[in-house]
Amino acid sequence: MYRTNIPCRSAGSLKGNVVVSMKPMKSTQIAKEVEITSKYPHAHGGPICIGCPQSIGIQDINKPDWGDSVEILPDELPVFHMCGITPQNVLMESGVSFAITHCPGHMFITDLPSDTVI
């Protein structure tokens, strides 16, 4: 997962940049991946960048900010999706001293509907 240069919409004192996950894909599979994932905007949605990680502020694709580096084969392009680590990045960038949230690979589960505002 990588920090980007894409700012989130701020909310009061909370502000920070989007975090993305990356999946290498064969170029012939990307159109289908976009078609499928774009149907789920409340999950990770469609890709926000395909190829060119520098365009979203990622200087070294081999050095993720979280997790392990993933090999990109010669016939593949990096495909970037919004990532659930974005809220943690916003909390850290905003200097929040305490929060309860999820960690990478372990989603926070609640019984509240996704459109509920607390």
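## Salt bridges

The whole structure, a predicted model, contains 4 salt bridges, a salt bridge being a side-chain nitrogen of Lys or Arg within 4 Å of a carboxyl oxygen of Asp or Glu. One of them joins the side chains of aspartate 65 and arginine 3, at 3.5 Å from N to O. Aspartate 65 sits in the loop between strand 3 (49–50) and strand 4 (76–82) and arginine 3 in strand 1 (residues 2–7), so this contact ties together parts that are 62 residues apart in sequence. Helices (H or I, at least four residues) and strands (E, at least two) are DSSP runs, numbered from the N terminus. Aspartate 65 is partly exposed, at 38% relative accessible area, and arginine 3 is partly exposed at 36%; buried means under 20%, exposed over 50%, and partly exposed in between (1.4 Å probe, protein chains only).

Glutamate 33 is buried, with a relative accessible area of 7%, whereas lysine 23 is partly exposed at 38%.

A further salt bridge joins glutamate 35 to lysine 32, with the closest N and O atoms 3.9 Å apart. Both residues lie in helix 1, 3 residues apart, about one turn of the helix. Glutamate 35 has a relative accessible area of 42% and lysine 32 one of 47%.

## Largest pocket

The largest pocket has a volume of about 1100 Å³. Of its 24 lining residues, Gly84, Thr86, Pro87, Thr101 and His102 are the closest to its centre. Helix 2 (residues 86–94) gives the largest share of the lining, 4 residues. The lining divides into 13 nonpolar, 9 polar and 2 charged residues.

On a 1 Å grid over the protein atoms alone, a pocket is an open set of points where a 1.4 Å probe fits, with protein on both sides within 12 Å along at least five of seven lines; lining residues have an atom within 4 Å of a point. Ala, Val, Leu, Ile, Met, Phe, Trp, Tyr, Cys and Pro count as nonpolar, Asp, Glu, Lys and Arg as charged, and the others, Gly among them, as polar.

## Basis of the values

Residues are numbered from 1 along each chain as its sequence is written, and side-chain values use heavy atoms, without hydrogens or water. In this predicted model, local features need pLDDT of at least 70 and side-chain atom pairs count only at pLDDT 80 or more, while totals for chains, interfaces and linings use all residues.

Methods. Points joined across faces, edges and corners; volume = space filled by probe spheres on them.
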